[in-house]
Structures are given as C-alpha cells and as structure tokens.
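Let's walk through a protein model together, one piece at a time. Keep the sequence and the 3D view side by side as you read.

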Amino acid sequence: MPQATEDIKSRARRIWEEIIPSGDAAALPDVMHPDCADHSARPGEPPGIEGLTATMRWLHGVFADLAFDIHHVIGEGDTVAVHCTLTGRHTGDLMGIPATGLPVATPMIHILRFRDGKASDHWAVHDDMATMRQLGVRPATQHGQPPLPAAAS
C-alpha cells in the first residue's frame with residue numbers, strides 16, 4: 001500500500017483514538033483541512049474546524065468517558081473509512097433525551113476524503129436506533145432484528 005495511504009489512515013485513526021476522546025480542539029488543524037466539510041453535521045453547525053470543534057464539545061457534553069473502539073481502518077487513494085464504536089455514559093441531553101447515566105455503545109462508520117494530507121470531507125453513518133434501545137427509549141429487539149409492525153386491523 002502506498003505510504004500516502006498509510007499516512008492518511010494514521011491521521012484518521014488519530015482523530016477517533018486521540019483527538020475527539022481528549023477534546024483536544026487545538027489538535028484538529030493538524031488533521032483537518034481548514035475548510036473541511038462535514039456532510040453529516042448536526043443542523044446549524046458552523047462549517048470547517050469551528051463546526052468540528054462544536055461537535056466535539058457537544059459529544060463531551062452528552063457522553064462522559066467518551067471513547068471510540070476502532071474495528072477497521074480501510075484506505076484507498078485519498079479516502080479512508082473508519083468502522084468504530086462510540087462508547088460512553090449518557091450524562092447530557094441527547095436528541096431531547098435527558099441524561100440517564102446509562103452506558104452506550106453506538107456502532108458507526110466515518111468516511112474521510114483527504115486533500116494536502118488533511119481531511120477535507122467527512123461523512124458518517126451511526127446506529128442511533130441502537131443507542132435509543134440502550135437508553136430505554138425504544139424497545140429492545142431479539143437477535144438484532146427490528147420489531148415487526150403492528151398488524152393492520
């Protein structure tokens with residue numbers, strides 16, 4: 001694998017293993033392009049590193065003991081995919097759900113495109129339904145399957 005791909009994989013891993021869990025906003029410019037676009041940003045987030053910093057601070061306000069367990073980091077060309085699980089304890093408002101103190105483990109995938117050695121685009125997919133189930137907001141399911149819809153009368 002070309003060294004450039006290994007370098008961006010390492011930078012991507014650093015985001016979720018070091019920077020976000022520690023809340024180190026000063027380190028974001030080391031790995032994020034100044035005009036990076038977060039295509040999965042929460043509504044109303046400012047663009048660029050300012051928005052990423054706001055998201056990172058929000059995560060720390062929602063989850064104590066925030067960490068990411070990385071399962072896979074896959075790179076091709078200028079793009080890296082990170083498959084990980086966010087873990088933490090729910091200690092702040094999450095989508096209108098007041099703090100429960102419960103532990104969560106949310107599976108997610110992040111895709112980053114790099115330019116000039118820094119992430120310039122970010123997309124994310126996370127299993128919010130799994131989080132809602134863990135917080136008791138949605139009923140638990142058997143064998144990971146969603147509940148069947150009620151029969152029409």
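Is C84 buried or exposed? C84 is buried, with a relative accessible area of 0%. Here, buried means under 20% relative accessible area, exposed means over 50%, and partly exposed is what lies in between, using a 1.4 Å probe and protein chains only.

Before going on, a word about what you're looking at. This is a predicted model, in which local features need pLDDT of at least 70 and side-chain atom pairs count only at pLDDT 80 or more, while totals for chains, interfaces and linings use all residues. Residues are numbered from 1 along each chain as its sequence is written, and side-chain values use heavy atoms, with hydrogens and water left out.

What about disulfides? A disulfide is a covalent bond between the sulfur atoms of two cysteines. The test used here is a pair of cysteine sulfur atoms within 2.5 Å, and by that rule the count is zero.

Now for the sheet. Helices (H or I, at least four residues) and strands (E, at least two) are DSSP runs, numbered from the N terminus. Strands of a sheet pair through backbone hydrogen bonds, either parallel or antiparallel. Two strands count as paired if DSSP finds at least two bridges between them. In this model, five strands make an open sheet in the order 1-5-4-3-2, with mixed pairing. Strand 1 and strand 2 are the edge strands, each pairing on one side only. On average, neighbouring strands are turned by 25° against each other, direction ignored. For angles like this, axes are lines fitted to C-alpha atoms (for helices, over the stretch in contact), and angles run from 0 to 180 degrees between N-to-C directions.

Strand 1 and strand 5 pair in the parallel sense over three bridges, and D38 stands opposite H122 in strand 5. Next, strand 5 (residues 118-126) pairs with strand 4 in the antiparallel sense over eight bridges. Find M108, whose bridge partner in strand 5 is H126, and F114, which stands opposite A119. The hairpin of strand 4 and strand 5 has two residues between the strands, and D116 takes a positive phi near 55° there.

Strand 4 also runs antiparallel to strand 3, joined to it by eleven bridges. T79 has R113 in strand 4 as its bridge partner, and T87 stands opposite A105. Strand 3 in turn pairs with strand 2 in the antiparallel sense over eleven bridges, with A64 opposite R89 in strand 3. In the hairpin of strand 2 and strand 3, which has two residues between the strands, G77 takes a positive phi near 60°.

Look along strand 4 and you'll see its side chains alternate.

Contact here means heavy atoms within 4.5 Å. T53 sits in helix 3 and counts as buried at 10% relative accessibility. Leaving aside neighbours within four places in sequence, T53 is in contact with A25 and L28.

Finally, the nonpolar core: a set of buried Ala, Val, Leu, Ile, Met, Phe, Trp, Tyr and Cys residues joined through side-chain atoms within 4.5 Å. The largest one has 35 residues, of which W16, I20, M32, F63, F68, V82 and L86 touch the most other members. Helix 1 gives the most to this core, with six residues. As for F68, not counting residues up to four places away in sequence, F68 touches W16, I20, P21, C84, T85, L86 and M108.
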